[in-house]
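Subject: Structure for you to look over

Hello,

Please find the structure below. My notes on what was found in it follow directly after.

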Amino acid sequence: MSRFLQRFGPWLLALSLLLTPFFLPIPIGLRRHPALVALGDRVHIPLLFAITLLLHWRGPLAGRIAASALAAMIIGAAIDVVQIYVGRSALLADWLLDLFGIGMAVSWLLWRRHGQPRYLVPGMLLVAAALFQLRSLPGVIAARQD
């Protein structure tokens with residue numbers, strides 16, 4: 001057991017820390033603020049990006065991009081199911097945001113591995129799509145302040 005913890009302990013700790021925000025209850029005041037709701041849902045993107053990178057860089061899936069991406073997809077789906085039991089909701093839209101983050105990570109990893117800019121194009125399109133979804137956020141914030 002000690003050898004297991006020595007080898008995978010830091011990796012499991014980092015993974016646990018990245019998963020923690022998904023299981024914390026969201027206070028009512030924050031759930032009602034439109035800007036925070038829009039940004040809060042988008043937290044799925046960078047967290048699953050980071051989880052995909054962590055799975056690829058450390059642990060039993062190290063170096064395997066496709067396996068890391070698949071594991072991250074499964075983790076994303078599991079997160080949504082488990083969130084039901086901590087007073088949060090399981091939404092397909094959240095899982096799709098997870099896929100954005102995973103896709104960005106895969107694109108970046110492929111670019112790093114092969115050094116060809118064409119591998120960055122899908123990731124850049126996903127970044128643009130994520131930013132496009134936030135296009136109404138300034139108006140929402142301004143309307144809320146009135």
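Trp57 is partly exposed, at a relative accessible area of 45% (buried means under 20% relative accessible area, exposed over 50%, partly exposed in between, with a 1.4 Å probe and protein chains only). Trp108 is also partly exposed, with a relative accessible area of 28%. A search of the whole structure turns up 1 aromatic pair, and Trp57 and Trp108 form it, edge-to-face, 6.1 Å centre to centre with 75° between the planes. For the terms: rings of Phe, Tyr and Trp (its six-membered ring) pair if their centres lie within 6.5 Å, and planes under 30 degrees apart count as stacked, over 60 as edge-to-face and the rest as tilted. The pair links distant parts of the chain, with Trp57 in helix H4 and Trp108 in helix H6, 51 residues apart. Helices (H or I, at least four residues) and strands (E, at least two) are DSSP runs, numbered from the N terminus.

This is a predicted model, in which local features need pLDDT of at least 70 and side-chain atom pairs count only at pLDDT 80 or more, while totals for chains, interfaces and linings use all residues. Residues are numbered from 1 along each chain as its sequence is written, and side-chain values use heavy atoms, with hydrogens and water left out.

The whole chain

The protein chain has an average pLDDT of 83, and 88% of the residues score at least 70 (pLDDT is the predictor's confidence in each residue, from 0 to 100). Confidence is lowest in helix H2 (residues 28-32), at a mean of 68, and highest in H6, at 94. The protein chain contains 8 helices and 0 strands. Of its 146 residues, 29% count as buried. Contact here means heavy atoms within 4.5 Å. Among contacts between residues at least 6 apart in sequence, 65% join residues at least 24 apart.

Helix H4

H4 has 14 residues and reaches 20 Å from its first C-alpha to its last, close to the 20 Å expected at 1.5 Å a residue (the expected span of a helix is 1.5 Å times one less than its number of residues). Because 10 of the 14 residues of H4 are buried, the helix is largely enclosed by the rest of the structure. Among the buried residues are His44, Leu47, Leu53 and His56. Gly59 follows H4 and has a positive phi, near 85°.

Thr52 lies in H4, which covers residues 44-57. Thr52 is buried, with a relative accessible area of 1%. Apart from its neighbours within four places in sequence, Thr52 is in contact with Ser68, Ala69, Ala72, Ile102 and Ala105. Thr52 and Ala67 are 15 residues apart in sequence, with 9.5 Å between their C-alpha atoms.

Nonpolar cores

A nonpolar core is a set of buried Ala, Val, Leu, Ile, Met, Phe, Trp, Tyr and Cys residues joined through side-chain atoms within 4.5 Å. Which residues touch the most other members of the largest nonpolar core? They are Leu19, Leu48, Ile51 and Leu55, out of 17 residues in that core. Helix H1 (2-23), H4 and helix H5 (65-83) each supply at least two residues of this core. A second, separate core of 5 residues includes Leu97, Phe100, Met104 and Ala130. Not counting residues up to four places away in sequence, Leu48 touches Phe22, Ala72, Gly76, Ile79, Asp98, Gly101 and Ile102.

H5 has 19 residues and spans 27 Å from its first C-alpha to its last, close to the 27 Å expected at 1.5 Å a residue. Its buried residues include Ile65, Ala71, Ile75, Asp80 and Gln83. Ala77 is also found in H5, and counts as partly exposed at 32% relative accessibility. The C-alpha atoms of Ala77 and Trp95 are separated by 6.2 Å, although these residues are 18 apart along the chain.

The 23 residues of H6 (residues 92-114) should span 33 Å at 1.5 Å a residue, and its end C-alpha atoms are 32 Å apart, which agrees. Buried residues in H6 include Asp94, Asp98, Ser107 and Leu109. H6 is followed by Gly115, whose phi is positive, near 70°.

One further item

The charged end of Arg135 sits over the ring of Phe132, 4.1 Å from its centre (a charge sits over a ring if NZ of Lys or CZ of Arg is within 6 Å of the ring centre and within 35 degrees of the ring normal).

Regards
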